[in-house]
Amino acid sequence: MEENASPCGCACGNAEGKPEQDKDAMRFLIGSGVAMLAYGGSVVARRRPKWLPLWLAALVTWFTLCKYLICARCEYYGEACDFYYLGKFAAKMFERQPDRTLDTVGIVAEGGSVAVLQFLPAIAALGKWRMFFTFLALLGINQAAQLQICCRRCIQYSTDPWKRDTCPSYRLAQKLFESD
């Protein structure tokens, strides 16, 4: 490893040397996430209103339990991190969990809540093709933005080994952006 290189492979020397995220990129990321969630929730509410409590429970789970199980354990806890700035959000709700790493419960909570948030609107929209493809387009834009904006920087600057070892998005971004 190069003398000035950090464990994350960048030449910044350490995680604190990470350049600040582009604010316009973050606005786009957050906007695409809000648009996908708002449209997805409205699809579920209009097409399958009985499913709305499940969808809302997944949303609450993602913003609470997942932030405790993942964000409170992250090296960027309390910071305006690259993942929707949620490091600051998590710090307002939970104490830091520095001695704990991502575990099966965190993976299941994140994966399950995200699956419900993303698949329930798509399933609810089946038969209404404009609604279905609009949701898929919003979902695709959000996922592409997340990989490009969050995950790309994570593989460049993160020093948390559990991200490299556990996060499927980290591995995907590594394959997509490895030559950068």
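**Close-up views of a predicted helical chain**

View 1. I149 is found in helix 6, helices here being DSSP runs of H or I with at least four residues, numbered from the N terminus. This is a predicted model, in which local features need pLDDT of at least 70 and side-chain atom pairs count only at pLDDT 80 or more, while totals for chains, interfaces and linings use all residues. Residues are numbered from 1 along each chain as its sequence is written, and side-chain values use heavy atoms, with hydrogens and water left out. I149 counts as buried because its relative accessibility is 10%, the cut-off for buried being under 20% relative accessible area with a 1.4 Å probe and protein chains only. Leaving aside neighbours within four places in sequence, I149 is in contact (heavy atoms within 4.5 Å) with Q21, A25, M26, F28, L29 and D82. The C-alpha atoms of I149 and F83 are separated by 8.2 Å, although the two residues are 66 residues apart along the chain.

**View 2. Helix 1 and its packing.** Helix 1 spans residues 23-47 and reaches 36 Å from its first C-alpha to its last, close to the 36 Å expected at 1.5 Å a residue, where the expected span is 1.5 Å times one less than the number of residues. Its buried residues, among them A25, M26 and L29, pack against helix 2 (52-63), helix 5 (104-125) and helix 6 (129-157).

**View 3. The N-terminal end of helix 1.** D22 caps this end, with a side-chain oxygen 3.1 Å from the backbone nitrogen of D24.

Definitions and conventions
Helices (H or I, at least four residues) and strands (E, at least two) are DSSP runs, numbered from the N terminus. Buried means under 20% relative accessible area, exposed over 50%, partly exposed in between (1.4 Å probe, protein chains only). A polar contact is a pair of N or O atoms within 3.5 Å; within protein, one must be able to donate a hydrogen and the other to accept it, and residues adjacent in sequence count only if both atoms are side-chain atoms.
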